Amino acid sequence: MNLLGDPLFNILGPTSASTLPEDLKIIEAAKAEYNLDDPLPVRYVKWGSAFITGDFGVQFSSDGQPPVSDLIKERLPRTVMLLIIAQTMAVLIAIPWALFAASRANKAVDKVSTFTSFLFIAIPNFGLAVILKYLFSLKFSIFPLIFNAADPFWSRVWQLFLPAMALALPVSAIYQRLLRTDLITTLQEDYILTARSKGVSKRNVLFKHALRPSLFSFVTIFGINTGALLGGSLIVEQIFIIPGLGSAIVEAILREDFPVVLAIVMIVTAAFVVINILVDLLYSLIDPRVRSA
């Protein structure tokens with residue numbers, strides 16, 4: 001048997017004639033376990049079927065080869081919590097900001113708002129993370145330096161506030177720019193002018209008549225940016241020492257732990273698809289006319 005081109009044989013490294021039989025047994029056992037003798041399409045189907053059932057394989061680089069699912073169960077809730085807090089912050093910042101800017105379009109405050117939003121968009125979230133950590137953790141000691149997974153729930157939420165803000169501010173600026181533009185267009189519609197002519201207050205015009213029809217682009221970019229936030233959290237988790245999926249995939253890449261990398265990439269991809277399907281369903285709630293279209 002010629003093993004020189006076999007990747008599993010190369011992983012084992014140099015061997016001697018006395019250990020060759022044992023090495024052959026290890027290689028054959030590994031091929032049987034990971035279906036390496038099957039054609040690629042067959043291997044892919046088997047791997048996909050196992051993935052759907054929650055079987056992500058075992059960690060290559062860990063002693064005892066623990067299941068990848070154990071790592072996912074430990075790390076995933078922290079990343080999900082970080083993303084929920086970040087997206088909540090972004091929405092709570094962006095909507096009032098956009099309403100304020102649109103109601104004063106092309107005035108001095110709107111121009112200042114535009115400059116501020118472009119500034120936040122230009123700063124990468126990892127750069128903002130470094131600035132926020134230096135100011136509020138190192139200099140003023142308002143927030144903790146690292147995340148402690150053993151702390152109570154609300155303590156962990158407090159620890160995630162700063163990294164979530166680093167993710168939320170650039171995204172909130174993007175949301176604000178889109179929503180402001182749509183609001184300005186909506187405010188020029190005939191039904192808005194009719195409401196104003198009937199004496200409806202400016203506040204009610206904005207919140208009751210203009211906001212809801214202007215949310216389509218906002219909701220669309222919200223779904224897309226969820227995937228972007230997952231990517232941005234990779235570095236932010238490293239900066240704030242948060243043991244989530246981001247730090248897990250970085251560690252797995254450095255260790256060449258491919259089952260972990262594959263599992264996290266597939267989970268992120270599946271989450272991105274599901275979120276965007278939910279966004280499509282949300283359109284009909286924003287505007288009932290979508291259901292009859």
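Begin by selecting Tyr 44, Trp 47, Phe 51 and Phe 56, which together form one aromatic cluster; rings of Phe, Tyr and Trp (its six-membered ring) pair if their centres lie within 6.5 Å, with planes under 30 degrees apart counted as stacked, over 60 as edge-to-face and the rest as tilted. This is a predicted model, in which local features need pLDDT of at least 70 and side-chain atom pairs count only at pLDDT 80 or more, while totals for chains, interfaces and linings use all residues. Residues are numbered from 1 along each chain as its sequence is written, and side-chain values use heavy atoms, with hydrogens and water left out.

The structure holds ten aromatic pairs. Keep Phe 51 and Phe 56 selected: their ring centres are 4.9 Å apart and their planes stand at 45°, so this pair is tilted. Phe 51 counts as buried at 14% relative accessibility, and Phe 56 counts as buried at 14%, where buried means under 20% relative accessible area, exposed over 50% and partly exposed in between (1.4 Å probe, protein chains only).

Next, select Trp 97 and Phe 120, whose ring centres lie 6.4 Å apart with planes at 90°, so the pair is edge-to-face. This pair links distant parts of the chain, with Trp 97 in helix α4 (residues 68–103) and Phe 120 in helix α5 (residues 108–122), 23 residues apart; helices are DSSP runs (H or I, at least four residues), numbered from the N terminus. Trp 97 is buried at 16% relative accessibility, whereas Phe 120 is partly exposed at 22%.

Finally, select Leu 281 in helix α12, which counts as exposed at 53% relative accessibility.

Notes: Helices (H or I, at least four residues) and strands (E, at least two) are DSSP runs, numbered from the N terminus.
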